[in-house]
Amino acid sequence: MTRDAPVAIHDLGPAAAGLLAELHALCFDRPWAESDFTALLASPGTVALVAERSGEPAGLAVGRVVLDEAEVLTIGVVPAARRHGLGRVLMAALTARLHAAGARQLHLEVSEINRPASALYHDLGFVVTGRRRGYYADGSTAITMMRLLGPA
Ligand SMILES: CC(C)(COP(=O)(O)OP(=O)(O)OC[C@H]1O[C@@H](n2cnc3c(N)ncnc32)[C@H](O)[C@@H]1OP(=O)(O)O)[C@@H](O)C(=O)NCCC(=O)NCCS
């Protein structure tokens, strides 16, 4: 897989909970259940995206907007497709949709031991807003981050 392989971003609806759960399980040690995605997709303001590279689902991103604040709920790229720019493409697509839906601030959380994700978020202009000790199941500390999205 190369950075030049064609990428398509798809907006997903309630019928896609199974696909999101499958992709999430490939990306994370502690996968979310299909029912978690069903509930999320039924919740107002949720944006769910899948990235296809060369026609194969290779990543997901889910966010939610409430009034002018939005949150990245999850983002992942399957291991075989990492470091080819897909995480950056997914974040850009998710941010654009949340911004268009009214978000002016975008929040997220990342484990302090997750160097790839932290590097991506710093690179995209997120700034650290706080720390939550022992927040994750593995005992690691969550770093909370935020990026201003500005006016429409
Ligand atoms: C975080 C994640 C989504 C990044 O996806 P990706 O497609 O590999 O990221 P990209 O190729 O778009 O990389 C974009 C930038 O992120 C940073 N980055 C990504 N992976 C990195 C790594 N392993 N080490 C250091 N920096 C990294 C770099 O700044 C990179 O820019 P560059 O390629 O110009 O150096 C992916 O590693 C992943 O799915 N991890 C497991 C799930 C996860 O932890 N999700 C985030 C939860 S908060």
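Modeller: A residue counts as near a molecule if one of its heavy atoms lies within 4 Å of it. By that rule 21 residues surround the ligand, and the closest are Val77, Arg83, Gly87, Arg88 and Asn114. Please keep in mind that this is a predicted model, where local features need pLDDT of at least 70, side-chain atom pairs count only at pLDDT 80 or more, and totals for chains, interfaces and linings use all residues. Residues are numbered from 1 along each chain as its sequence is written, and side-chain values use heavy atoms, with hydrogens and water left out.

Now to the polar contacts (pairs of N or O atoms within 3.5 Å). The side chain of asparagine 114 has an N or O atom 2.7 Å from an oxygen atom of the ligand. Glycine 87 brings a backbone N or O atom to 2.8 Å from a ligand oxygen, and for histidine 84 a backbone N or O atom lies 3.3 Å from one. Taken alone, the ligand exposes 920 Å² (Shrake-Rupley method, 1.4 Å probe), and the protein buries 78% of that.

Which parts of the fold form this shell? Strand S4 (69-77), helix H3 (86-100), strand S5 (105-111) and helix H4 (115-123) each give two or more residues; helices here are DSSP runs (H or I) of at least four residues and strands (E) of at least two. H4 gives the largest share, five residues. The shell divides into eleven nonpolar, five polar and five charged residues, with Asp, Glu, Lys and Arg counted as charged, Ala, Val, Leu, Ile, Met, Phe, Trp, Tyr, Cys and Pro as nonpolar, and the others, Gly among them, as polar.

Key: Polar contact = N/O pair within 3.5 Å; in protein donor to acceptor, adjacent residues only side chain to side chain.
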